[in-house]
Amino acid sequence: MRIIAGKARRLNLKTLEGLQVRPTTDRIKETLFNIIQNDIAGCNFLDLFSGSGAIGLEAASRDAKMVYLVESSSKAQSIIEENIAHTKLYDNTKLIKRDFRVAISELSKKISFDIIFADPPYKDKLEEQILDTIYESDILKKDGQLIIEADLDTDFEFANKHHFTVIKEKIYKTNKHVFLVKSEES
């Protein structure tokens with residue numbers, strides 16, 4: 001796994017070992033960033049369930065104004081710290097060592113985000129909680145977008161009742177990215 005573009009381009013990243021970990025592959029990450037490339041420079045970017053930090057660090061490398069990486073696992077936090085040090089992306093990244101709900105509550109008092117990316121553990125079925133927490137906190141800017149990485153079987157029909165509208169889905173072989181915005185009536 002590596003940084004694909006920007007000031008830290010081609011630098012390899014460390015990742016967690018084990019069957020519970022499923023880092024976003026470089027190919028999927030590249031596709032994602034091709035879709036959002038025009039929105040990255042100068043944006044505030046929130047990476048929930050950061051894992052190795054690869055998505056957030058990619059955004060930082062591509063000149064996001066500020067990237068917050070939220071991770072509750074101490075093992076993953078250590079990997080993220082190593083990856084920040086290796087990429088030297090200190091100036092526009094901050095690791096938040098908290099559960100996503102606590103992090104959103106704390107951050108919403110200080111900042112709002114243009115892009116929120118969430119890659120929760122598939123087995124935990126946290127997608128609806130993520131939508132509710134983000135909506136209730138008002139941490140996503142009015143014209144911002146939420147991107148959730150999910151397994152192929154996750155049906156986002158519930159999005160509307162949680163004040164979000166699905167605007168796009170990008171399907172891959174093993175998973176998908178679901179792009180959401182706040183619903184008009186929100």
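User: What handedness does the crossing have where helix 4 passes helix 5?
Analyst: Right-handed. Keep in mind that this is a predicted model.

User: Which residues make the contact?
Analyst: Helix 4 brings Phe 100, Arg 101 and Ile 104. Helix 5 brings Gln 129, Ile 130, Thr 133, Ile 134 and Ser 137.

User: How do those divide into nonpolar, polar and charged?
Analyst: Four are nonpolar, three are polar and one is charged.

User: What numbers describe the packing of helix 4 and helix 5?
Analyst: The angle is about 15°, and the axes lie 10 Å apart. Helix 4 covers residues 100-107, and helix 5 covers residues 127-137.

User: Why give an angle and a distance?
Analyst: Those two values, taken between the axes, are how two packed helices are described.

User: So are they roughly parallel or roughly perpendicular to each other?
Analyst: Roughly parallel. Angles under 35 degrees count that way, and this one is about 15°.

User: New topic. How many aromatic pairs does a search of the whole structure find?
Analyst: Three. One of them joins Tyr 68 and Phe 113. Their centres are 5.7 Å apart, with 90° between the planes. That pair is edge-to-face.

User: Where in the chain do Tyr 68 and Phe 113 sit?
Analyst: Tyr 68 is in strand 2 (residues 66-70), and Phe 113 is in strand 4 (residues 113-118). They are 45 residues apart, so the pair links distant parts of the chain. Tyr 68 counts as buried, at 14% relative accessibility. Phe 113 is buried too, at 0%.

User: What about the rings of Phe 156 and Phe 158?
Analyst: Their centres are 5.2 Å apart and their planes meet at 40°, so this pair is tilted. Phe 156 and Phe 158 are both buried.

User: Where is Phe 49 found?
Analyst: In the loop between strand 1 (44-48) and helix 2 (54-61).

User: What is the phi of Asp 138?
Analyst: Asp 138 has a positive phi of about 60°, though it is not a glycine either. Asp 138 lies in the loop between helix 5 and strand 5 (140-151).

User: Is Asp 138 buried or exposed?
Analyst: Exposed, with a relative accessible area of 53%. The cut-off for exposed is over 50%.

User: And Phe 49, buried or exposed?
Analyst: Buried, with a relative accessible area of 18%. Buried means under 20%, so Phe 49 qualifies.

Methods: Residues are numbered from 1 along each chain as its sequence is written. This is a predicted model: local features need pLDDT of at least 70, side-chain atom pairs count only at pLDDT 80 or more; totals for chains, interfaces and linings use all residues. Side-chain values use heavy atoms; hydrogens and water are left out. Axes are lines fitted to C-alpha atoms, for helices over the stretch in contact, and angles run from 0 to 180 degrees between N-to-C directions. Helices (H or I, at least four residues) and strands (E, at least two) are DSSP runs, numbered from the N terminus. Angles under 35 degrees count as roughly parallel, over 145 as roughly antiparallel, 65 to 115 as roughly perpendicular and the rest as oblique. A crossing is left-handed if the near helix is turned anticlockwise from the far one by less than a right angle, and right-handed if clockwise. Contact means heavy atoms within 4.5 Å. Ala, Val, Leu, Ile, Met, Phe, Trp, Tyr, Cys and Pro count as nonpolar, Asp, Glu, Lys and Arg as charged, and the others, Gly among them, as polar. Rings of Phe, Tyr and Trp (its six-membered ring) pair if their centres lie within 6.5 Å; planes under 30 degrees apart count as stacked, over 60 as edge-to-face and the rest as tilted. Buried means under 20% relative accessible area, exposed over 50%, partly exposed in between (1.4 Å probe, protein chains only).
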